[in-house]
Amino acid sequence: MGSLLVKPHKTPTPTKIPYAVMITGANRGLGLQVVKDLLASNSCHLIATCRSLGGEGSRELEELAAKESRLTVLELDVSNPATFSKVAEAVDGIVKENGLNALVNNAGIHIRKGLEDVTVDDMAQTFATNTIGPLMLTQSFLPLLKRAASHASDKPLGWQRAVVINMSTILGSISSNDKGGLYPYRSSKAALNAITKSLSVDLVKDGIITCSVHPGWVQTDMGGSNAPVTIEESVQGMLKLFAKLDHNSNGGFFQYDGSVMNW
Ligand SMILES: NC(=O)c1ccc[n+]([C@@H]2O[C@H](COP(=O)([O-])OP(=O)(O)OC[C@H]3O[C@@H](n4cnc5c(N)ncnc54)[C@H](OP(=O)(O)O)[C@@H]3O)[C@@H](O)[C@H]2O)c1
């Protein structure tokens, strides 16, 4: 009688689990929480990249990697495309014939400058990190993404096959901009959204889908303590969203709770 009351154990559908996921800017904030949650909930291999290793800023991530064989930490400054091919080679050695199922372009900066004080350097630095980095990284990882899409060709489109997820923001939405200002950040993320759209058109034939995601206004160093959304809430929502991505999601812009954002 008692055994009838036991709830069936919920195991994730095997087809929804990617073999390997890579995320940039994973030493703190949303990136680090994605790593923690994926390690806790999923059996995939994780490649977590970080601008610089060996210091206080990467200690927590490196300690996690020392305990978890599924997690590899690699150094990657997303504003330095000259290094991308070396990182792709290292990832190739980890994922082998499986390829890379998900590239999460998460690393980002937010230099808060308005019309009066924005500089050429603010714009260039922000675009290098938030826009050019994700595009050129996707280019460098294309062979591994294509390999994953082909290796998992029996699976439906989605992160169990091959996805590029660009961490965007509502501040990159042109139609939602009613406050102006924030020139470097808004324009870099609006351009990232344009990149998402082009990638979605170019790559779907290869079995790779692409989308932009707004994580909410979140309590990280970037979001600040007044943000209404906790890191845990945002990341739990985003991971549910990632697992649900399908052919209808290609070229979309979604909030962490799955709702559709305006471009
Ligand atoms: N928090 C929010 O409310 C919010 C809202 C909308 C969108 N987002 C987006 O979500 C993403 C993550 O934000 P977050 O809130 O987690 O920010 P965060 O706490 O400030 O963390 C940013 C991460 O990006 C890394 N990073 C910055 N420049 C880099 C570079 N050149 N190379 C490699 N890594 C670099 C940082 O590394 P270091 O430690 O080396 O600096 C850090 O790991 C960003 O793309 C952001 O635009 C955040």
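In the predicted model, an oxygen atom of the ligand lies 2.8 Å from a backbone N or O atom of Leu30, a polar contact being a pair of N or O atoms within 3.5 Å (within protein, one must be able to donate a hydrogen and the other to accept it, and residues adjacent in sequence count only if both atoms are side-chain atoms). A backbone N or O atom of Asn106 is found 2.7 Å from a ligand oxygen atom, and an N or O atom in the side chain of Arg28 is likewise 2.7 Å from an oxygen atom of the ligand. The protein buries 93% of the 890 Å² that the ligand exposes when taken alone (Shrake-Rupley method, 1.4 Å probe).

The ligand is surrounded by 29 residues (a heavy atom within 4 Å); Asn27, Arg28, Asn106, Tyr185 and Thr220 are the closest. The shell comprises 11 nonpolar, 13 polar and five charged residues, where Ala, Val, Leu, Ile, Met, Phe, Trp, Tyr, Cys and Pro count as nonpolar, Asp, Glu, Lys and Arg as charged, and the others, Gly among them, as polar.

Asn250 touches Ser200, Val204, Ile208, Ile209 and Thr210, residues up to four places away in sequence not being counted (heavy atoms within 4.5 Å). A polar atom of the Asn250 side chain lies 2.9 Å from the backbone nitrogen of Thr210.

Residues are numbered from 1 along each chain as its sequence is written, and side-chain values use heavy atoms, without hydrogens and water. In this predicted model, local features need pLDDT of at least 70 and side-chain atom pairs count only at pLDDT 80 or more, whereas totals for chains, interfaces and linings use all residues.
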